[in-house]
Amino acid sequence: MVELTIDGVRTTVPRGTTVLEAARSMGIVIPTLCYDPGLTPYGACRLCIVEVVKGKRSSLEASCTLPAFDGQVIVTNSERVKKARKIIIELLLSTCPTSKKLQDLASNFGVNEVRFKIKDKGCILCGLCVRYCKEQMQSGGIGFVGRGTSRRVGTAFGDTPDECRNCGGCEWICPVCERACTADSLMNGLCGGCQNYAPVETCTVCIGCSESVGARGHKVY
Amino acid sequence: MKEVVVGLASCGIAAGGIQVYNKFSELLDAEKDETALKQTGCYGMCFREALVEIIEDSKRRTLYGQVTPERVERIVNEHLRGGKVIEEWIVKEEGQFLAKQKRIVLHNCGKIDPLDIGDYLASGGYQALKKVLSEMAPEQVIAEVARSGLRGRGGGGFPTGRKWESCRNAPSRNGTRYVICNADEGDPGAYMDRSLLEGNPHSVIEGMIIGAYAIGSSQGYVYVRHEYPLAVKNLGVALEQARARGLLGKNILGSNFSFDVKISRGGGAFICGESTALMASLEGKIGEPRPKHIHTTEKGFHGKPTNLNNVETWANVPLIINRGAAWFSSIGTERSKGTKIFSLVGKINNTGLVEVPMGITLREIIYEIGGGIPSGKKFKAVQTGGPSGGCIPERLIDLPVDFDRLTEVGSMMGSGGMIVMDEATCMVDIAKYFVKFLTEESCGKCVPCREGLDRMLDILTDIAGGRGREGDIELLEELGYAIRDTSLCALGGSAPNPVLSTINYFRDEYEAHINERRCPAGVCKELITFTIDKEKCNGCGLCAKNCPQQSITGKKKEAHVIDQTTCIKCGLCRDNCKFDAVVVS
Ligand SMILES: Cc1cc2nc3c(=O)[nH]c(=O)nc-3n(C[C@H](O)[C@H](O)[C@H](O)COP(=O)(O)O)c2cc1C
Ligand code: SF4
Ligand code: SF4
Ligand code: SF4
Ligand code: FES
């Protein structure tokens with residue numbers, strides 16, 4: 001067992017527990033997007049960051065991949081955490097502006113402007129689908145391709161892979177409700193006709209303006 | 001017996017070294033001329049390649065620079081056969097270039113033949129290994145390295161002794177431990193690791209064997225960048241020769257310690273230099289980082305305790321063993337010991353590889369070793385630490401260079417890239433350039449780095465393009481701190497440095513771009529116009545001839561004009577005008 005302090009409260013958890021699990025067991029709310037209790041923690045969305053205090057210094061760490069240690073001091077909702085988290089939500093929203101889940105997150109955390117250029121990608125690359133496919137279905141039909149901003153979820157040859165069991169799990173687990181995988185034939189057995197998809201108003205005559213979006217949001221011409 | 005030594009590292013080859021070498025071998029008759037033709041690695045003075053050194057019996061040595069196959073004939077006839085030195089081809093900067101350096105790691109680079117283990121042995125090579133195997137316990141080796149104060153040269157500056165110790169003490173069920181040499185060197189413009197592997201591979205191998213002995217490892221890897229064929233070749237030859245002499249393999253030098261090294265060629269991604277990504281890549285997986293709460297010294301390559309060090313770090317090890325921790329720690333500053341190799345590039349007269357003691361000032365590096373800024377321009381800033389380092393302004397030029405001081409001013413030691421910039425450099429443009437590189441090199445796993453850097457680039461592109469808005473600087477800062485604080489690995493953790501440091505030191509330049517739509521350095525194309533000063537123009541027409549758009553018209557001997565509607569702002573007219581008549585505003 002290890003003993004740590006979260007938001008001023010001492011708690012004891014079994015060795016190997018993550019800080020996120022420890023906090024949740026105490027009823028503390030930490031938002032997550034790329035975490036699922038049934039899958040290996042991945043640490044990609046960075047939404048679950050908490051402040052780890054070490055004497056006078058402190059650092060931000062993703063709680064879903066942070067193992068609980070003896071004597072750790074964690075603050076889950078400091079100003080520093082809130083500020084960074086808001087920027088992350090703002091960035092996420094600019095990549096998936098139509099996601100109901102992200103819009104809800106934004107309103108819960110008081111993010112009411114997107115100052116960055118909107119680049120709707122329909123996927124936040126959280127890797128839940130990839131991990132679900134591999135770890136729960138032992139299939140591995142989908143994976144990440146590319147690096148940096150060209151990274152996306154795809155299949156080996158852009159076609160339904162032989163390993164796919166048509167379970168629909170990748171669709172089901174997707175937090176932004178739009179599978180990024182563009183392989184045509186995958187659509188058939190898989191798409192459940194997502195209930196959450198509600199496109200926001202965008203320009204009817206999109207000129208692909210090169211501007212950042214600014215305080216008042218995306219301009220509609 | 002005389003010796004002709006030709007520099008055949010990548011820099012020498014690029015400057016025609018092979019042709020020079022071939023020409024010598026064609027003209028020289030080993031018997032008759034009593035001359036041996038040899039090759040060596042990089043001597044550091046890359047601005048004078050191809051370099052040829054002539055060593056005569058009396059130990060008189062002459063260094064010729066910018067040798068071409070055509071010049072070889074005269075060197076053979078006048079110098080080698082006639083005994084007359086050709087003064088005008090001697091490298092005159094040598095004294096100035098070397099005076100402030102302290103070449104201990106690079107000592108043999110550019111002197112010995114990397115393909116001949118005999119050269120390395122003759123210069124005292126593998127003595128440290130002998131000493132370690134015959135008289136030191138592994139713990140003593142670690143203690144010696146720890147006492148020397150050596151810190152990792154790969155960027156983080158982690159104390160090497162401490163890393164070795166934690167790897168040695170980490171539990172491993174079957175006792176397997178790995179040591180790895182990081183030769184990924186993804187920083188554009190940095191090539192110290194390449195030069196070491198090309199010019200003196202045995203020093204790196206010897207360091208690795210000693211480290212493996214101290215840590216208790218029997219298998220090592222060198223992860224080399226794909227683009228380094230010559231380094232791979234020289235390293236491969238060196239490993240073969242070491243094996244043949246019983247310096248690698250089973251029961252090294254008759255002891256009961258066995259160890260061998262394999263070469264692994266990386267895919268050439270910058271992120272694969274990061275320790276956890278490197279190990280993933282070595283295992284054949286996608287090279288992307290994982291959280292490091294459990295250190296690689298405990299669970300690294302294939303889940304086993306793994307010790308990763310940079311090329312230059314390994315090359316320091318034999319020196320410490322041979323000459324002692326006390327000697328090593330007498331060089332440098334309080335918390336940064338020894339020397340550091342920098343690749344000095346950009347707007348500087350003497351570009352090349354320099355090895356300096358820690359604590360030397362930027363001024364000494366730039367003005368004394370580097371010979372100052374070309375064409376009488378003014379020094380503006382220096383960027384250290386590779387693409388994610390920060391820019392240090394002119395007013396901090398007396399800063400002593402060591403790990404901690406560089407971090408204090410918002411930059412870092414990194415792997416030792418040093419890019420010098422003059423007054424004609426736009427800091428917004430520079431920040432944009434580095435962020436673009438990092439955006440492309442981000443592995444794309446985590447949100448702040450992948451999306452945050454991309455949006456940062458959007459904002460910088462807008463500012464440089466005259467579309468900047470009030471509040472953009474603050475937004476860049478806010479975004480920069482968030483990326484730095486929340487990214488998964490050190491790429492994202494350091495990537496905002498170029499932006500934050502330029503905003504910190506050159507805020508007025510950002511403001512000029514945003515508020516006045518003006519690029520003070522005259523670089524950002526969308527904010528500048530080229531015009532011809534009627535007074536200065538004598539109508540020679542050179543500019544018109546060079547303009548790719550044919551935007552310049554005018555009668556002979558009369559002032560020319562540029563048509564602004566078709567000008568693409570390439571600046572060729574300005575570069576070609578002999579009378580400085582083309583003005584940028
Ligand atoms: C994005 C990134 C790129 C890196 N590239 C290199 C590299 O090319 N070579 C290197 O030696 N270390 C590189 N490092 C540092 C390594 O992660 C690691 O700290 C180092 O190799 C450890 O060796 P040292 O203790 O001898 O410095 C990089 C780190 C990051 C975050
Ligand atoms: S498709 Fe959905 S689940 Fe898969 S990576 Fe993208 S956002 Fe995550
Ligand atoms: S910080 Fe960048 S490079 Fe590092 S894991 Fe995240 S996306 Fe990849
Ligand atoms: S090159 Fe200079 S001097 Fe010649 S025509 Fe052009 S502006 Fe005039
Ligand atoms: S939930 Fe922890 S990083 Fe995504």
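This is a predicted model: local features need pLDDT of at least 70, side-chain atom pairs count only at pLDDT 80 or more; totals for chains, interfaces and linings use all residues.
Me: OK, which residues of helix 4 in chain A are buried?
Reply: Helix 4 of chain A covers residues 128–136, and its buried residues are L128(A), C129(A), V130(A), R131(A), Y132(A) and C133(A).

Me: What covers them?
Reply: The cover includes strand 6 (142–145), strand 7 (152–155) and helix 5 (169–173), which belong to chain A.

Me: And what does Q138(A) do just after that helix?
Reply: Q138(A) takes a positive phi there, about 50°.

Me: Switching to the A/B interface. How many residues are in contact?
Reply: 33 residues of chain B are in contact with 37 residues of chain A. The buried area between the two chains is about 3,100 Å², and carbon and sulfur atoms give 55% of it.

Me: How many salt bridges between the chains?
Reply: The count is 7. One of them joins D458(B) to K117(A), with the closest N and O atoms 3.6 Å apart. Both residues also belong to a salt-bridge network with K119(A), R450(B), E451(B), D454(B) and R455(B).

Me: Which polar contacts does the rule find, and which elements of chain B give two or more residues?
Reply: There are 17 residue pairs in polar contact across the interface. On the chain B side, helix 18 (427–441), helix 19 (447–464) and helix 20 (472–486) each give two or more residues. Helix 19 supplies the largest share, 10 residues. That side of chain B divides into 12 nonpolar, 7 polar and 14 charged residues.

Me: What about E526(B) and R467(B)?
Reply: E526(B) and R467(B) form a salt bridge, 3.3 Å between the closest N and O atoms. E526(B) sits in the loop between helix 22 (497–515) and strand 14 (530–532) of chain B, and R467(B) in the loop between helix 19 and helix 20 of chain B, so the pair ties together parts 59 residues apart in sequence.

Me: Is E526(B) exposed or buried?
Reply: E526(B) counts as exposed, at 52% relative accessibility. R467(B) is partly exposed, at 30%.

Me: Last topic, the ligands. What is closest to ligand 4?
Reply: 13 residues surround ligand 4, and the closest are C537(B), C540(B), G541(B), C543(B) and C577(B). The shell has 9 nonpolar, 4 polar and no charged residues.

Me: And ligand 3? Which residues come nearest?
Reply: C443(B), K445(B), C446(B), C449(B) and C489(B) come nearest, out of 13 residues around ligand 3. The ligand 3 shell divides into 8 nonpolar, 4 polar and 1 charged.

Key. Residues are numbered from 1 along each chain as its sequence is written. Chains are lettered from A and ligands numbered from 1 in the order in which they are written. Side-chain values use heavy atoms; hydrogens and water are left out. A residue is near a molecule or strand if one of its heavy atoms lies within 4 Å of it. Ala, Val, Leu, Ile, Met, Phe, Trp, Tyr, Cys and Pro count as nonpolar, Asp, Glu, Lys and Arg as charged, and the others, Gly among them, as polar. Contact means heavy atoms within 4.5 Å. Buried area is the accessible area (1.4 Å probe) that two parts lose on being put together, summed over both. A salt bridge is a side-chain nitrogen of Lys or Arg within 4 Å of a carboxyl oxygen of Asp or Glu. A polar contact is a pair of N or O atoms within 3.5 Å; within protein, one must be able to donate a hydrogen and the other to accept it, and residues adjacent in sequence count only if both atoms are side-chain atoms. Helices (H or I, at least four residues) and strands (E, at least two) are DSSP runs, numbered from the N terminus. Buried means under 20% relative accessible area, exposed over 50%, partly exposed in between (1.4 Å probe, protein chains only).
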